[in-house]
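Here is a friendly walk through one protein model, from a single residue out to its cores and its pocket. Keep the structure open beside you as you read.

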Amino acid sequence: MGLCLSCFGGRKEKVHDPEVGQVIAEQQLELEPKTLYIAVMGATGSGKTTFVNAASGSELRVGMGLESCTNEVQTSQPFFVDSNRVVLIDTPGFDDTTKSDTEVLKMIAAYLRTMHEQKRTLSGVIYMHRISDFRVGGTTRRDFTMFQELCGQEAYKNVLLVTNMWKSEDDEVALAREQELREKDIFFKPILDNGAVLLRHMNDPGSALDIIRKLTAKDPVVLRIQSELEVANDITQTSAFAQLNRELMEQAERNRQELDTLRSELEEAAQAQDEETRMELQEEADKMEAELSRVQNESARLASEYQAELRRIEEQLSARAG
């Protein structure tokens with residue numbers, strides 16, 4: 001039976017000699033461009049999907065303002081940067097408006113684990129940040145901390161920190177913010193000191209492609225969470241989970257303190273026979289108890305839900321490969 005081969009979608013050639021067929025197959029593998037995968041991360045509303053669309057010509061749905069549209073890991077259509085075939089991986093932020101942080105970690109971890117298992121290596125990671133932000137708030141810092149735990153210091157040489165939403169390159173206010181990001185330990189300085197690069201996206205396709213070129217010549221990188229999940233396929237044993245769990249426990253403690261305060265106020269309202277105030281406080285207390293229960297249960301649910309998400313992603317990627 002003849003072997004039918006096609007190079008770059010060109011003409012097909014039948015080969016009847018098995019030895020000749022093997023040689024041509026090997027030559028085809030050498031000629032076909034290897035796909036470079038680049039992950040794009042950042043807080044909700046930081047322009048991740050806009051960047052992906054600008055670079056790749058894809059039409060992934062873009063959120064308006066701070067509302068998230070990227071509620072699962074999605075990929076761009078393949079595109080070429082010079083002679084390199086590139087696919088961008090668009091990820092939800094850890095401050096997603098539709099999913100909890102544990103759900104976001106579960107999705108990103110399962111996707112990165114499956115990629116690693118299927119030998120689809122990352123050329124690098126791009127972290128998007130709005131230069132237009134007046135200040136870097138707690139939510140953005142928390143998202144960046146999770147990003148650092150996902151990558152690990154050993155991967156920083158393949159990380160690009162990209163600011164966007166510049167009005168112009170000589171915007172003095174934006175330049176001052178950029179300097180602060182570069183020089184302060186609570187922002188980008190530690191990761192820049194370990195090999196990451198700070199760049200600007202000027203909101204056009206050419207600028208996006210220039211940024212991607214900074215990664216196309218780099219050796220592939222394995223992120224910390226990929227290494228951890230290879231050793232023990234248990235998301236609760238990863239650095240990213242440990243960080244998230246600390247934050248959940250801190251949130252639970254704050255909820256408990258607020259709930260204690262509400263209960264004291266409830267007793268006072270009951271003693272004063274202030275039924276209207278008592279009912280309002282009871283409603284707030286019920287909501288707080290539900291939130292406390294949710295936070296306490298999130299960590300426990302993550303392990304089993306991660307395995308289910310892993311199976312789903314494996315089936316999804318296998319179907320695409322087929």
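## A residue in strand 3

Let's start with L36, which sits in strand 3. Helices (H or I, at least four residues) and strands (E, at least two) are DSSP runs, numbered from the N terminus. This is a predicted model, in which local features need pLDDT of at least 70 and side-chain atom pairs count only at pLDDT 80 or more, while totals for chains, interfaces and linings use all residues. Residues are numbered from 1 along each chain as its sequence is written, and side-chain values use heavy atoms, with hydrogens and water left out.

Is L36 buried or exposed? L36 counts as buried because its relative accessibility is 13%; the cut-offs are under 20% relative accessible area for buried, over 50% for exposed and partly exposed in between (1.4 Å probe, protein chains only). Leaving aside neighbours within four places in sequence, L36 is in contact (heavy atoms within 4.5 Å) with N84, R85, V86, V87, S123 and T216. The C-alpha atoms of L36 and S123 are 6.0 Å apart in space, although 87 residues separate the two in sequence.

## Helix 2 under cover

Helix 2 (residues 48-56) is mostly covered, with seven of its nine residues buried. Those buried residues are K48, T49, F51, V52, N53, A55 and S56. Their cover includes strand 3, strand 4 (74-75), strand 5 (79-81), strand 6, strand 7 (122-130) and helix 7 (205-216). Just after helix 2, G57 takes a positive phi of about 75°.

## Two nonpolar cores

A nonpolar core is a set of buried Ala, Val, Leu, Ile, Met, Phe, Trp, Tyr and Cys residues joined through side-chain atoms within 4.5 Å. The largest one has 53 residues, and those with the most contacts inside it are M41, L105, L122, F147, V159, L161 and I191. Helix 3 gives the largest share of this core, nine residues.

Take V159 as an example: beyond its neighbours within four places in sequence, V159 is in contact with V125, F147, C151, I191, A196 and V197. A second, separate core of 20 residues includes L60, I126, V162 and I212.

## The largest pocket

A pocket is an open set of points on a 1 Å grid over the protein atoms alone, where a 1.4 Å probe fits, with protein on both sides within 12 Å along at least five of seven lines; lining residues have an atom within 4 Å of a point. The largest pocket is lined by 16 residues, with T35, Y37, R85, V87 and R120 nearest its centre. Strand 6 gives the largest share of that lining, three residues.
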